[in-house]
Amino acid sequence: MNQEPLTPIAEDDVDAFRRDGVVCLRRKFDEDWLELARAGAERNMREPGPYAHTYAKDDVGHVFFNDVANWERIPEFERVLVHSPAGRIAARMMASHTARVFYDSMFYRTSGTRARTPWHQDQPYWCVEGQAVCSLWLPLDPVPRASALEFVRGSTVWNATFHRESFFADGAGTHAFESAPGARARDEAALDRIPDIDSHPERYDLLAWEMEPGDCLVFSGTVVHGGSGNLTEGRRLRVLAARYTGDGTVYCPDKLGGTDPDLRHTGHEPGRPFDGPHFPLAWPRS
Ligand SMILES: O=C(O)CCC(=O)C(=O)O
């Protein structure tokens, strides 16, 4: 298992992350890490956690499944999040001295699943305040261009906090924050709706990459993104998204009346920097 990224991180990649809000890094994880993450994904499917969602499911068995915050009970995810090169990569991209595990998110689309992810920003959903927070999106299967996650380049500088869209195919469903009575209506009505990017793609500078296992995306909490899915029969897509916080971030579970994921089970004190056993250091290695 490679302890350092398989290929070096170039300064151009760091610049791209800062400028665009997302960067695609090639060949950073070896097959052993990928096999471990796949074993974790399959375990997660067999043993879903309390936050598991089926975002879409049709009559012929196409399923888009997501689960979050399982690394403390799925040892394969714990290894990848805490011990793989992911933490080092995240810290470098965030220009942070530290990268702490925030949580894991597993996106599992079975063969031929078309369901896409709505355009959204991550940060409004998250119980975190601060700039240094990012995701490392690690596909465990090849990603054709038509199934790539897409990004609005530079949307990090829009300085916007968009309304939290539902990920459920029927537009309903229950994110954790929706279970706080009145929270969504009270706190979200004031937020702008995400622009209708699909109707006017020519207005946006969109970025997306065909990817191989071992490659990863790193993206900021405020970059607008969506897509993926759109799989042809015979192709499935499993992704482990490892989220990290860096220097200067604090835990804020009550933001916008509730967040997703809801990490209150950690007992972490609101307003506190991320630390302790529920948010372990992934970089520097202890
Ligand atoms: O993989 C996907 O479809 C969604 C990923 C995503 O939106 C995220 O990781 O924030």
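How do the residues of the shell around the ligand divide into nonpolar, polar and charged? In this predicted model, five are nonpolar, five are polar and one is charged.

**Ligand shell**

The residues around the ligand are Ser-105, Phe-107, Thr-117, Asp-122, Ser-135, Trp-137, Leu-149, His-225, Ser-228, Val-239 and Ala-241. Strand 4 (99-109), strand 7 (133-139) and strand 12 (237-245) each give two or more residues to this shell.

**Helix 2 and helix 3**

The axes of helix 2 and helix 3 come within 8 Å, crossing at roughly 140°. An angle over 145 degrees would count as roughly antiparallel, and 65 to 115 as roughly perpendicular; helix 2 and helix 3 are therefore oblique to each other. Their crossing is left-handed. By class, the contact of helix 2 with helix 3 has six nonpolar, one polar and three charged residues. The table lists the residues that meet.

| Helix | Residue range | Residues in the contact |
|---|---|---|
| Helix 2 | residues 31-46 | Trp-33, Leu-36, Ala-37, Ala-39, Gly-40 and Arg-43 |
| Helix 3 | residues 75-83 | Glu-76, Phe-77, Arg-79 and Val-80 |

**Gly-61**

Gly-61 is found in the loop between strand 2 (53-57) and strand 3 (63-68). A residue is exposed if 12 or fewer other C-beta atoms lie within 10 Å of its own; Gly-61 has 10 C-beta neighbours inside 10 Å and so counts as exposed. Along the chain, Gly-61 and Asp-196 are 135 residues apart, and their C-alpha atoms are separated by 29 Å.

Technical notes: Residues are numbered from 1 along each chain as its sequence is written. This is a predicted model: local features need pLDDT of at least 70, side-chain atom pairs count only at pLDDT 80 or more; totals for chains, interfaces and linings use all residues. A residue is near a molecule or strand if its C-beta atom, placed from the backbone, lies within 6 Å of it. Helices (H or I, at least four residues) and strands (E, at least two) are DSSP runs, numbered from the N terminus. Ala, Val, Leu, Ile, Met, Phe, Trp, Tyr, Cys and Pro count as nonpolar, Asp, Glu, Lys and Arg as charged, and the others, Gly among them, as polar. Axes are lines fitted to C-alpha atoms, for helices over the stretch in contact, and angles run from 0 to 180 degrees between N-to-C directions. Angles under 35 degrees count as roughly parallel, over 145 as roughly antiparallel, 65 to 115 as roughly perpendicular and the rest as oblique. A crossing is left-handed if the near helix is turned anticlockwise from the far one by less than a right angle, and right-handed if clockwise. Two residues are in contact if their C-beta atoms, placed from the backbone, lie within 7 Å. A residue is buried if 20 or more other C-beta atoms lie within 10 Å of its own, exposed if 12 or fewer, and partly exposed in between; C-beta atoms are placed from the backbone.
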